Amino acid sequence: LRASSMAYNMQKYEDALKYYTRLNQIASVENKQTAKLGILRCAYNLKDYNKTIEVSSDIINASTDDEMITEARYDRFKSYQAQSKIDSALEDMVALSADTRNIYGAEAKYELANYYYSKNQLDKAEAEVFSYIEKGTPHQHYLAKSFILLADVYIQKERYFEAKQYLLSLKDNYVADDKIISDAIASRLELINKKESETVSNQ
């Protein structure tokens, strides 16, 4: 138990994985939980996504610890995403997005809306963003990304005025020093201005 913890804290994930695996074989019920969580974290940090999915599924099916299940769901969702198997992550995104107070749910709620957008299910994507706005979250980066996604939805629907209003509101109210968000706002506003100019020219 001590060896696995020390190796993990030193970011020697391959060594830690061996220790946690051995611990899982010999441990009491309480330490088995620790071992499984350790195996999960090591596999995820090593980008062993197949192992992560396997261990996550075991934890989700067997554990009664809500926090542990949440972490397992997040790691499984991110592993499916890394493997471009986002359809397989839908169950975990839906489950995680129920609680946007934690970072796992905050990201999952955005990714769920983005999933629907990627499937061209624009009404579902729009509804998911409005649900996010209603729920709120302390993790403003993902809420801001959701506003940008909402603008993308309206651009696809050629509702340029609404898209612009959401972007301008976000630009005025989002105070974090976040280049990803500021660049995304600027690029969308530029696109909308271009689309609006084309509409005027065609008239």
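1. D152 is buried, with a relative accessible area of 12%, where buried means under 20% relative accessible area, exposed over 50% and partly exposed in between, using a 1.4 Å probe and protein chains only. This residue, D152, lies in helix α9, which covers residues 140-156, and D152 touches Y117 and R188 when residues up to four places away in sequence are not counted; contact here means heavy atoms within 4.5 Å.

2. Please keep in mind that this is a predicted model, in which local features need pLDDT of at least 70 and side-chain atom pairs count only at pLDDT 80 or more, while totals for chains, interfaces and linings use all residues. Residues are numbered from 1 along each chain as its sequence is written, and side-chain values use heavy atoms, with hydrogens and water left out.

3. The protein has 11 helices and zero strands, where helices (H or I, at least four residues) and strands (E, at least two) are DSSP runs numbered from the N terminus. Its radius of gyration is 21 Å, whereas a compact globule of 203 residues would have a value near 17 Å; the radius is taken over C-alpha atoms, and the globule rule is 2.2 Å times the number of residues to the power 0.38. Along the principal axes, the C-alpha trace spans about 75 × 30 × 30 Å, and buried residues make up 42% of the 203 residues.

4. Helix α7 (residues 103-118) packs with helix α8 (residues 122-135) at an angle of about 160 degrees, their axes lying 7 Å apart; axes are lines fitted to C-alpha atoms, for helices over the stretch in contact, and angles run from 0 to 180 degrees between N-to-C directions. That makes α7 roughly antiparallel to α8, since angles under 35 degrees count as roughly parallel, over 145 as roughly antiparallel, 65 to 115 as roughly perpendicular and the rest as oblique.

5. On the α7 side of this contact, the residues include A106, K109, L112 and Y116, and they meet residues of α8 that include L122, A125, E128 and Y132. By class, the contact of α7 with α8 has 10 nonpolar, one polar and four charged residues, with Ala, Val, Leu, Ile, Met, Phe, Trp, Tyr, Cys and Pro counted as nonpolar, Asp, Glu, Lys and Arg as charged, and the others, Gly among them, as polar.
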